[in-house]
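Here is a friendly walk through one protein model, written for someone who likes cut-offs stated plainly. Please keep the viewer open as you read.

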Amino acid sequence: MVDADLHVHSNMSPDSRETLDDICLKAIKLGLKTIAISDHYEFYWPERRHPVFNFKHVEEGQEIIEKARIRYNGELNILFAIEIGQPHFDFHTAKKLVSSFDFDFILASFHKVGGTDLMSHDYMNEDERKRALYEYLDGLLIISELFDFDSLAHLDLIKRYSLKAGRIERIETEEERVREILRALAIRGKALEINTSLLRDYDETMPSAEILRWFREEGGERITIGSDAHKREHVAYAFDCAERIIRDCGFKGYTIYEKRKARIICPGREE
Ligand SMILES: [Zn+2]
């Protein structure tokens, strides 16, 4: 059984209302040993700002996590993590963010193509969609080659929002570009996340097993597993499925991070 969920949001993220206590109690009930609280920090185009995303807010989140660590000591290992969205929009501040806190684990992601959340890209025509897809993959390549993080979250997020708009956009159509990202991750020893949140609505993880296999072929060794839960009932959702896919794709096990150090957990043994 996978006993670590490395992608969970609490109400320190603007899109979650769940308290850390409710998340922790649920995780303990499920038999998890480790949970990474990876609340959002989103970067925007320079002219736009979100009031929540500032260093003071991260500091408050850290304090809440430290208090919870004392409350759940011996029952649950709570990791201080972060999900940094589009760090390449403001590399300077993003790097400062990484060096200003003692994170256990850092996820990087790209939600805002063209400065607009992928969620609102439904209106696009074919050409605009293509441009958005290339901007998305180019952005992920820059992040993968240059940014200081641990695992790349939901690599084919574009699939989730295209599905909502009634069509499916697969980055598998751009195999060479995707492999370039995977190669950059593998060379730098970064992990790729298998995100189970889409399994709640559709029969596929993010990214798909096909892309995970490409990652293995490109030399990738580290996979983190995340539910991307914004509600307690989604913690560790469908992790048995993620575990099966990882094994089928040829990975030794799944990776967890603590103080930004990777450890691969294999079924039956650790290394
Ligand atoms: Zn997330």
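## Helix H3 and its neighbours

The buried residues of helix H3 (residues 91-100) pack against strand E2 (34-42), helix H2 (55-71), strand E3 (77-85), strand E4 (105-109) and H4. Here contact means heavy atoms within 4.5 Å, while helices (H or I, at least four residues) and strands (E, at least two) are DSSP runs, numbered from the N terminus. The residues on the buried side are Phe-91, Ala-94, Leu-97 and Val-98. Viewed down the axis of H3, they fall within an arc of 120°, so they line one face of the helix; the arc is that of the directions from the helix axis to the C-beta atoms. His-92 and Ser-99 are exposed and sit on the face turned away from the buried side of H3. Buried stands for under 20% relative accessible area, exposed for over 50%, and partly exposed for values in between, with a 1.4 Å probe and protein chains only.

A word on provenance: this is a predicted model, in which local features need pLDDT of at least 70 and side-chain atom pairs count only at pLDDT 80 or more, whereas totals for chains, interfaces and linings use all residues. Residues are numbered from 1 along each chain as its sequence is written, and side-chain values use heavy atoms, with hydrogens and water left out.

## Helix H6

How does the span of H6 fit its 13 residues? At 1.5 Å a residue they should span 18 Å, and the end C-alpha atoms are 18 Å apart, which agrees; the expected span is 1.5 Å times one less than the number of residues. Just after H6, Gly-189 takes a positive phi of about 70°.

In H6, Val-178, Arg-179, Ile-181, Leu-182, Ala-184, Leu-185 and Ala-186 are buried. The buried residues of this helix pack against H4, E7, E8 and H7.

## Strands E8 and E9

E8 (residues 191-195) and E9 pair in the parallel sense over four bridges; to count as a pair, two strands need at least two bridges found by DSSP. Leu-192 has Ile-223 as its bridge partner in E9. Together with helix H7 (residues 209-217), the two strands E8 and E9 make a right-handed β-α-β unit. Right-handed means that, with the strands pointing away from the viewer, the path from the first strand over the helix to the second runs clockwise.

Which residues of strand E9 (residues 223-226) point which way? Ile-223 and Ile-225 point one way, Thr-224 and Gly-226 the other way, and all are buried.

## Salt bridges across the chain

Side chains of opposite charge can pair when their charged atoms come close. Taking a salt bridge as a side-chain nitrogen of Lys or Arg within 4 Å of a carboxyl oxygen of Asp or Glu, the count comes to 23 salt bridges. One of them joins Glu-169 and Arg-129 (3.9 Å, N to O). Glu-169 lies in the loop between helix H5 (157-164) and helix H6 (175-187), and Arg-129 in helix H4 (residues 126-146), so the pair ties together parts that are 40 residues apart in sequence. Glu-169 is buried at 15% relative accessible area, and Arg-129 is also buried, at 15%.

Lys-159 forms a salt bridge with Glu-204, where the closest N and O atoms are 2.4 Å apart. This pair links distant parts of the chain, with Lys-159 in helix H5 and Glu-204 in the loop between E8 and H7, 45 residues apart. Lys-159 is buried at 0%, and Glu-204 is buried at 17%. Elsewhere, salt bridges that share partners join Glu-175, Glu-176, Arg-179, Arg-183, Glu-217 and Glu-218 into one network.

## Backbone points to check

Most residues other than glycine have a negative phi, and most peptide bonds are trans. The bond from Met-206 to Pro-207 is cis, with omega near -10°, and Pro-207 lies in the loop between E8 and H7. Ala-236 has a positive phi, near 55°; its place is the loop between E9 and helix H8 (239-248), and at 17% relative accessibility Ala-236 counts as buried.

Arg-260 has a positive phi near 70° and is partly exposed, at 25%. The side chain of Arg-260 also meets that of Asp-150 in a salt bridge (3.1 Å, N to O). Asp-150 is in the loop between H4 and strand E7 (151-152) and Arg-260 in the loop between strand E10 (254-258) and strand E11 (261-266), 110 residues apart.
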